[in-house]
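Here is a short report for a reader new to this structure. Look at the sequence and the fold before reading on.

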Amino acid sequence: MIEFLRSLVLPFADMVSSPTFFVEVLVGGIAAGLMYSLVALGFVLIFKASGVFNFAQGVMVLFAALTLVGLMERGMPVPVALALTVAVMIALAFAIERVVLRPLVNQEHIILFMATIGLNFFLEGLGEQLWGSNVKRLDIGIPDESFSVAGVLLNKLELSAALTAAVLVTVLAVFFQRTRIGRALRAVADDHEAALSIGIPLKTIWVIVWSVAGIVAIAAGVMWGAKSGVQFSLSLVALKALPVLILGGFESVPGAIVGGLIIGVGEKVAEVYWGPLVGGAIENWFAYVLALAFLLFRPQGLFGERIIERV
Amino acid sequence: MIYREAGQFKTTYAGDQAIFPILQDRVFVGLVALAAFVAVPLLANEYWLQAILIPFLIYALAAIGLNLLTGYAGLLSLGTGGFMAVGAYSAFKLATAFPWLNVILVFVLAGVCAAGVGLLFGIPSLRIKGFYLAVATLAAQFFLIWLFNKVGWFVNYAPSGTATAPPRTMLGVMVTGPQATAPVRYLVALGLVVLFALVAKNLVRGRIGRSWMAIRDRDIAAEIIGVRPLRTKLLAFAISSFYCGVAGAELLFLYLGSVETLAFDINLSFLILFMVIIGGLGSILGSFLGAAFIVLVPIFLTNVPNWIGLDMRTDTQKHLELMIFGGLIIFFLIVEPHGLARLWQITKEKLRLWPFPH
Amino acid sequence: MTEASGPLLSVEDISVRFGALMALSRVSVEVHRREILAIIGPNGAGKTTLLNVVSGFYHPYEGRIRFEGRDRTSLKPPDVAELGIARTFQNVALFRGMSVLDNIMTGRLLKMGGHFLLDAVWYGPARRQELAHRAAVERIIDFLEIQAIRKTPAGRLPYGLQKRVELARALAAEPKLLLLDEPMAGMNVEEKEDMCRFILDVNSEFGTTIALIEHDMGVVMDISDRVVVLDYGRKIADGPPEQVRKDQAVLDAYLGVAHD
């Protein structure tokens, strides 16, 4: 028993005695966390503007990456393939609005949520049917190699992914807070009828947010794909965005970022320092259990607004 | 003109509250039961029993379990696979630790273990709802699978990491293990699913079912009537997990023979959820219809291209299967949220009026 | 404590605050046994809040609630139901997916009991209990004249009938105190007359004490024994209908004299 307690505390000593390694773990966690944030952002965008909890966001990441790689494999130059992928994601947004969302408008949220689970499976089948289900390499010209700064090893690819994520997150935050369309989107989220009455068609709004979410999905897909290959497991990684959302709150852009960082760093540190104690691979569930514990104490998330129930 | 309730008046409340109030239904159900218990084991071949009927019965049991939770109590769970794994591994541990234990009793005790675990993961349901709860049940799914994968004790430290169903007899007949014949395993699964379907029906048509549906439909109004949310939801979690646990134990003992944790991964959770949605939320019959549907689609996709002379690759089949499942989920949610069970009911109403259109 | 002594419910000096908004400030109301009390007031006066406090959805930050003489201030809704208080909601809160019969049977949940394993078996105690309560529910169905819609899903009923089913569900609990939040809102004249008749019948036949919120002044004056008037979270009048009708403060509140 004493032995076990000792082994629980010992990792803290490790952190202090080898600070550069600890920093490396932290940087790895932050990089992974920003990726989670990127996927979570897609959720938040759609949830804010339409109240739909889009379970298929993860598969949209996979679908976008598959499309991009598929087009590149067929000999298209990167910019053309990228532009075409964007077009595909926008077309997808139109199709989803028409086929799934419009017939289910005003349904209970849980019904829409289940519909996106259906969408999830449909897109997975479609993407793999169109582009094949083998693991693909995605080469975006940034080498997967490391360099050292003040004794800390940093990975070029992870770093540029983190940078991209940071830029994208900032752009979206500004888009929501400062631009006219962004404010209109927020208006819709608050009150559908009010938004209609000032002349914003719900249809258009939905197509816009799903398109933006699709483009965010491309970014996330490229980053994850370059790191670990384009394959089905991408959509499982994307499931990690769910605990991120619980931590950050479903409607908060900053929440998605902070939540992503907490989950990314938390699970890396837990895995590296405490994982060996219990046989490793705790990355699979750590994020979910953390989110569950969090739910019990602050159900609305870090940045979510307090839910007051009207009777 | 055949299917009419005309002339069948209910003179007692008891008669009115029977499961099958109409005579024709009772006759039909009697015939189906006769066919299932007598004709099928005598006539069906190994392939039909092993590839279609046994998994169908086991999935139907799990679908009933999830339907109690999601369809009746309105609590969405994505952790079904995890709860089924609890059933499978605790059945394995019980059967190997107490070899003299009757195998049916092993199944029931495995269900009780799963119910305990379900209860634990149901606690957050008091404070969170809807998709928040779905994420919480994902925690159960991933954590439980990891646990069974990492802790060798659960598989008696088998180097392969698999749990293998030990051979057990009942009334002198081999029920589990490699020597158990398909018809015997089929009959055990059938007996259990019929028994537990009746129990489920009894629960949902009375006091407990009403308190679940009340919480589902309008929790605030339910509370003011005296329904205690925590107790009601936890009971739903426990009973639902019991069903999933028994189904998980059957999956190992009666169907697969030996399992790794991979058999209970998140895809199984989704599969069962699809059965519930396609079959009909809040319908016991629907759980059977949904399970049959989900079991038959892949078999259909394997065979149909052959019959019409089309050569379809296996991965194409797999993708088509995903697209069909996904598409149908959306289709049913839009067109008929009450699923196949509701379509069946509509057919019966049409039949009642036949040959007149109205 | 004898049956007849003291008011059935007394709300003493309660205040409820939502953020900066005072929804109720030091309101005291008594509900006497077997009476019909009407609570009226302009929109936003705090009428529904008062009902929500009594049913345990909100808790007052000051003041006390006594029911049958005992302090019941900090109870939760299911505890309030156990005391014998039932209610209906302003915008109908039926269980839409359940049949009318099941909705009303749900109203009797507190009167039913037993282990869930007995329910699983069904035959035996569970079935006997079910049938006994079914008989009681059928009496309420007859009383409210909704025999024909017994098996209809509640969500498919027209609004007026939904309100009647909600009343049936509340009655099924055989409450000592029945709280009705705008039982006649959105009804046509004929439906209103029916509802008035039912409320009066419930009061006279079962001896149920009733407190109701209503906007239709004609209805209020006709059926209530006593009227309480709220305005901006304060009680401004309390007395028999004729007296309240002439009260200057009430006239001001309704005619919109400037508040200062």
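The report covers confidence, one interface and a set of paired strands.

## Basis of the model

This is a predicted model: local features need pLDDT of at least 70, side-chain atom pairs count only at pLDDT 80 or more, and totals for chains, interfaces and linings use all residues. Residues are numbered from 1 along each chain as its sequence is written, while chains are lettered from A and ligands numbered from 1 in the order in which they are written.

## Confidence in chain A

pLDDT is the predictor's confidence in each residue, from 0 to 100. Chain A has an average of 79. In this chain, 86% of the residues score at least 70. Helices (H or I, at least four residues) and strands (E, at least two) are DSSP runs, numbered from the N terminus. Confidence in chain A is highest in H4(A), at 90. It is lowest in helix H8 (residues 192-197) of chain A, at a mean of 62.

## Where chains A and B touch

Two residues are in contact if their C-beta atoms, placed from the backbone, lie within 7 Å. By that rule, 38 residues of chain A contact 31 residues of chain B. H5(A) gives the largest share of chain A's side, 17 residues.

## Strands of chain C

Two strands pair if DSSP finds at least two bridges between them. Strand S1 (residues 9-18) of chain C runs antiparallel to strand S4 (residues 62-67) of chain C, joined by five bridges. There, C:Ser15 has C:Glu62 as its bridge partner.

S1(C) also pairs with strand S2 (residues 21-31) of chain C, antiparallel, over seven bridges. C:Val11 is partnered by C:Val29 in S2(C). Two residues lie between the strands of this hairpin, where C:Gly19 takes a positive phi near 60 degrees.
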